[in-house]
Amino acid sequence: MRAPLAALALCLANLAACRSGPTPEELYVLRNQPRPLGPVALRDASTKTLRVRVWADEGHARAVMGWQVRFHEQVAAANPVLVANLGLELEVVTVRPWPRDGGRGDLIDDVNALMAHDKGDDVDLVIGLVTPLSTFNPTFSALGRANVLGRHIVMRSTDAPEEMAAFEQALRKASAEARADLYQARLRHKETLLLLHEVGHILGAPHVFMDRAVMSPHYDPQQDGFAPESLELMRMAVAAWEPGRGVPRETREAMAAHLEQRRWPGWSDEGRAQYARAFRTGRMPDEAPHEPTSPPRAAEPASKPAPLSPRERVAEALERGAPDEAWARLTPLLDMSGHDPELVNLACEVQITRDPTSDEARAWCERAVAARPERPGPHLRLAATQQRRDRAGALASVQAAEARIASLPEEERRPWYGAVAQSYQALDAYAMSARIRDQGDPELARELAVQERDARRAAHLEVGQLPPEQEPEFFALARALLDALRARDFAGAETTRKALAARFPAVAGPHEHMCIAAAEQREFAVAAAACGDAHRLAPRAPKPLLALGMVAFARGRPRQAIRPLEQAIALGEAPPDAYTLLSAAYRATGQAKKADALERSTPRRPE
C-alpha cells in the first residue's frame, strides 16, 4: 500500500500539505499493516540448532502450491527472531509428502497421528503441515497445535481469501497491486507468527493476555515479539535441550515449579496450572484459548464465506481430473489479481495439466518466469511446457532453475535440488542430475541413482563416456533404437543406429544391443553390420563376437564362425553357449579332436 502510506507520511510531516488528514483508506491500511518482528539477529558459533523433518498431508499439498519452498521461507523468517531471543535456529533437513488426507478435524488428533507416523528419533522436531481451513479464523489454536515440551507440531496454511475480499471492498480506490501487497505482507506475518507461536509451546510457553505478544491466543497484525516472561521459560528449555530427545525430566520439573511460583498476571491461573501439569506428565494441555484484552485486528471476513477457498476450488477441480473447470474457476481470480505471482504460477500449472504442449501453457509459464525470475519454480514449469517440442530449451530452463537455487539463502536450497535433479533426468541429462541430487533429500537421491543406473544399462552408456551436455541427445536416440527393436522394425532401428554411429562414433553400446537383438530375431544381415561395428569399437567385449559366430554358423558358414567364437572364449568371459557353438563349428569343419577337447573343458551351467 505504498501510495496511501506516502500520502499519510506527507500529512504527518506537514499538516499544511494535507489539511483534511488521513483518508479512511489510509487509516484502514495502518490498522491492518503488520508490525515488523523483533529483535532479530544472525546466527553465530554459539547458536543451537534444532533439526526438523517436515511432512505435508495431501490436503495441504493440494491447497498450497510450492508448499516445500513456502515452508522454508517460513523458517527463514522465523529464525532471526529465534536467534536473537533464544540463541536458537531451526534447520529443515527433510521435507516429504504425508500419504494422508486429514480433513479439517481436531488438530490434537493430527498431532497424535503425526507422532504415530514419525517418532522423530533422528531429528529434534517433526512438523506436519495439514489441510487448511476453508474460512478465516484468527485463533492460533485453530491454525496449529504443539505437543508442549515435546517434539511434534502440526500447522495449517494461514491463507485467508476472505481477507483479500475484504481488502477489495475496503480499498476500492487502491490499485490491485497495492491490495495484493497488503495481503501478502499479512500472510507472511501470520505464517511467521504461527511457527514462532508453536515453537513457543514446544519450549514451554503458555498463552498470554497480551495482544501484541507472540503467545497471544489470537493473531493480531500488531504482534511483534515474545513477552519477557515467556522467554524466561523458553530459555530454560533451550539450555537443557538434548539433541533427538528434547527437554529432560529434571528440567520439566524445574520449569513447572518456576511457572507455579511466577505470579505474573499475563498468565491465567487455569492456564498456569494446565501447563505445569503438562510439564510433569508430558501430556498436551487441553487449553481453551483465552479471550484477548481487545478484539483482534483482522480484516472483516466476507458475509457469506465459501466452503472452500477459491484456490482450493481450483485444486479440487484438478484433483478430479477436470482441468477445464479448474481454468474456469481460476480465470476470475486472474481478472481480479492477474499480477499476483502465485496466481500466475497456478495458471501455468493448470494450463500444463490441460495440455503441456499448448501455446497457452507455454505463454502462462513464460509470464510466471517474468513475474518471479529469481525463483527456480517458474523455470521448472516452463521446462515442462518445452520438454516435448524444444528439449534444448527445456534443458536451458532447468539450468536456469539450478542457477537460481545457488542464489537462494542456504536454508532454502535443499527442497529444490531434488526437483531440479528430477527435471534433468526427465530430459535424460543424467550426469547433470548426478551433480546435484545428493544435495537434496537422501531418499530421493537414491531413487534417482537407481533410475540412472537402469537407463545407462538399457542404453549401454557408462558414466563419463560422453560430455554431460551430449547425453540427452544420445539417450533420446538410444531410446528410439530400443523402441524400434521392440517393434521388430529393423529398418527403422538400422537408420537410428547409423545416426548414433555418426553422432557418437566412439560409443559401442547401442551397436552391441542391436547386434544381439537382430541375431536373436535371425535378421542376419542387420546383425552382421551391427556386430561388426560393436566389435570394432569394443574389441574386448565377448557378446558381439559370440553374435558374429552365431550369425556365421546360422548362415551355413561354420568356418567363418570359428575365429570370432575362439576370440570370445579367449577373453575369459564367454558363456557356455560359446563353447557349444564352437564345438559344433569344429565338427562341421572336420576338427573332431578339437571339438572333443573343447567339450571336456566346457564350463558347466550353474545348477
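The buried residues of helix 12 (residues 310-319) pack against helix 3 (58-63), helix 13 (323-337) and helix 14 (341-354); contact here means heavy atoms within 4.5 Å. Keep in mind that this is a predicted model, where local features need pLDDT of at least 70, side-chain atom pairs count only at pLDDT 80 or more, and totals for chains, interfaces and linings use all residues. Residues are numbered from 1 along each chain as its sequence is written, and side-chain values use heavy atoms, with hydrogens and water left out. Helices (H or I, at least four residues) and strands (E, at least two) are DSSP runs, numbered from the N terminus.

**Helix 12**
- Its buried residues are Glu 312, Val 314, Ala 315, Ala 317 and Leu 318 (buried is under 20% relative accessible area, exposed over 50%, partly exposed in between, with a 1.4 Å probe and protein chains only).
- After helix 12 comes Gly 321, with a positive phi near 75°.

**Helices 21 and 23**
- Helix 21 (residues 471-486) and helix 23 (residues 509-520) pack at about 0°, with axes 11 Å apart (axes are lines fitted to C-alpha atoms, for helices over the stretch in contact, and angles run from 0 to 180 degrees between N-to-C directions).
- That makes helix 21 roughly parallel to helix 23 (under 35 degrees is roughly parallel, over 145 roughly antiparallel, 65 to 115 roughly perpendicular, the rest oblique).
- On the helix 21 side you'll find Phe 474, Leu 481, Leu 482 and Leu 485, meeting Pro 510, His 513, Met 514 and Ala 517 of helix 23.

**Aromatic rings**
- Searching the whole structure turns up 6 aromatic pairs (rings of Phe, Tyr and Trp, using its six-membered ring, pair if their centres lie within 6.5 Å; planes under 30 degrees apart are stacked, over 60 edge-to-face, the rest tilted).
- Trp 264 and Trp 267 have ring centres 5.2 Å apart and planes at 90°, so this pair is edge-to-face; both residues are buried.
- Phe 474 and Phe 475 also pair edge-to-face, 5.9 Å centre to centre with 80° between the planes.
- Phe 474 is buried because its relative accessibility is 1%, and Phe 475 is buried at 3%.
- Tyr 430, Phe 474, Phe 475 and Phe 504 make up one aromatic cluster.

- Gly 38 to Pro 39 is a cis peptide bond, with omega near -10°, and Pro 39 is in the loop between helix 2 (24-32) and strand 1 (48-57).
- Leu 149 isn't a glycine, but has a positive phi near 55°; this Leu 149 is buried, at 1% relative accessible area.
- Arg 488, not a glycine either, has a positive phi of about 60°, and counts as exposed at 54% relative accessibility.
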